[in-house]
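User: I have a chain to go through, with its sequence and structure. Please keep the answers brisk.

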Amino acid sequence: MIMKKAGLIICLLLLIGCKSKTVSRDTEDLKIKKVSNADISSEQQRKAYELGKRVLETCNTSKFKPFNETEVTQSVRENTTEERLTKTCTRFRQYYGSFIDLKLDGVYKTKNEVIYRYHALYSKKVANKELRIFVNEENLISAIKSMDWDEKFDAKAAEQ
């Protein structure tokens, strides 16, 4: 009986002593701010446009010129394979038609990256896609994302 009480008291003390730890997270890492095109180097803007266009033009030509280490990060090189592009392009051509061009909608900055947000223009009017190009501090493309157009992106960026 005494052992049970002692065990219960020890368990209670352990439970009381185990507080959940709060995780400190720097919200600056998550903030996205819209910036003027003039605040970004024209060389970087050109590079982001050309590489984004190169990826999407693969859907029209079925030929992809692989990226090199001066253009993109290792992970982007590994993930942007002709096989993966062919699979995506087949679906895109079926639904959206031929790729026409990229129209820059805005440039955004986070603590570590510049994000170029392009409206991807296709021959079928139902297409409402965007392409985001992420450029890291070493001026390498660190991510390329294609998704449905997000009308509320600017509002989300302004809230942060």
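User: Which residue in S3 stands opposite Gly-106?

Analyst: This is a predicted model, in which local features need pLDDT of at least 70, side-chain atom pairs count only at pLDDT 80 or more, and totals for chains, interfaces and linings use all residues. Residues are numbered from 1 along each chain as its sequence is written, and side-chain values use heavy atoms, with hydrogens and water left out. Strand S2 (residues 99–109) pairs with strand S3 (residues 114–122) in the antiparallel sense over nine bridges; strands (E, at least two residues) and helices (H or I, at least four) are DSSP runs numbered from the N terminus, and two strands pair if DSSP finds at least two bridges between them. The residue opposite Gly-106 is Arg-117.

User: What is the strand order of the open sheet?

Analyst: The chain has five helices and five strands. Strands S1 (33–35) and S5 (141–148) stand at the edges with a single partner each, so one side of each is left without a neighbour in the sheet. Pairing is antiparallel, and the order is S1-S2-S3-S4-S5.

User: What angle does the direction of helix H2 make with that of S2?

Analyst: H2 (residues 42–61) packs on the sheet and touches S2, S3, S4 and S5. Axes are lines fitted to C-alpha atoms, for helices over the stretch in contact (heavy atoms within 4.5 Å). Angles run from 0 to 180 degrees between N-to-C directions. For H2 and S2 the value is about 145 degrees.

User: How many residues of S4 are buried?

Analyst: Buried means under 20% relative accessible area, exposed over 50%, and partly exposed in between (1.4 Å probe, protein chains only). On one side of S4, Lys-129, Leu-131, Ile-133 and Val-135 are buried. On the other, Glu-130, Arg-132 and Phe-134 are buried too. The count for S4 is seven of seven.

User: Which residue of S4 is the bridge partner of Ile-115?

Analyst: S3 and S4 run antiparallel and are joined by seven bridges. A hairpin of six residues connects them. The bridge partner of Ile-115 is Phe-134.

User: In the hairpin of S4 and S5, which residue takes a positive phi?

Analyst: S4 and S5 run antiparallel, with seven bridges. The hairpin has five residues between the strands, and the residue with phi near 65 degrees is Asn-139.

User: Why is the disulfide of Cys-59 and Cys-89 left-handed?

Analyst: A disulfide here is a pair of cysteine sulfur atoms within 2.5 Å, and Cys-59 and Cys-89 sit at S to S 2.1 Å. The pair links distant parts of the chain, Cys-59 in H2 and Cys-89 in helix H4 (residues 82–96), 30 residues apart. Cys-59 counts as buried at 6% relative accessibility, and Cys-89 at 7%. The disulfide is left-handed because the torsion about its S-S bond is about -75 degrees.

User: Which element has the lowest mean pLDDT?

Analyst: pLDDT is the predictor's confidence in each residue, from 0 to 100. The chain averages 82, and 78% of its residues reach 70 or more. Over residues 4–25 pLDDT stays under 50, and the model has one contact there beyond four places in sequence. S4 has the highest mean, 96, while the lowest, 44, belongs to helix H1 (residues 2–17).
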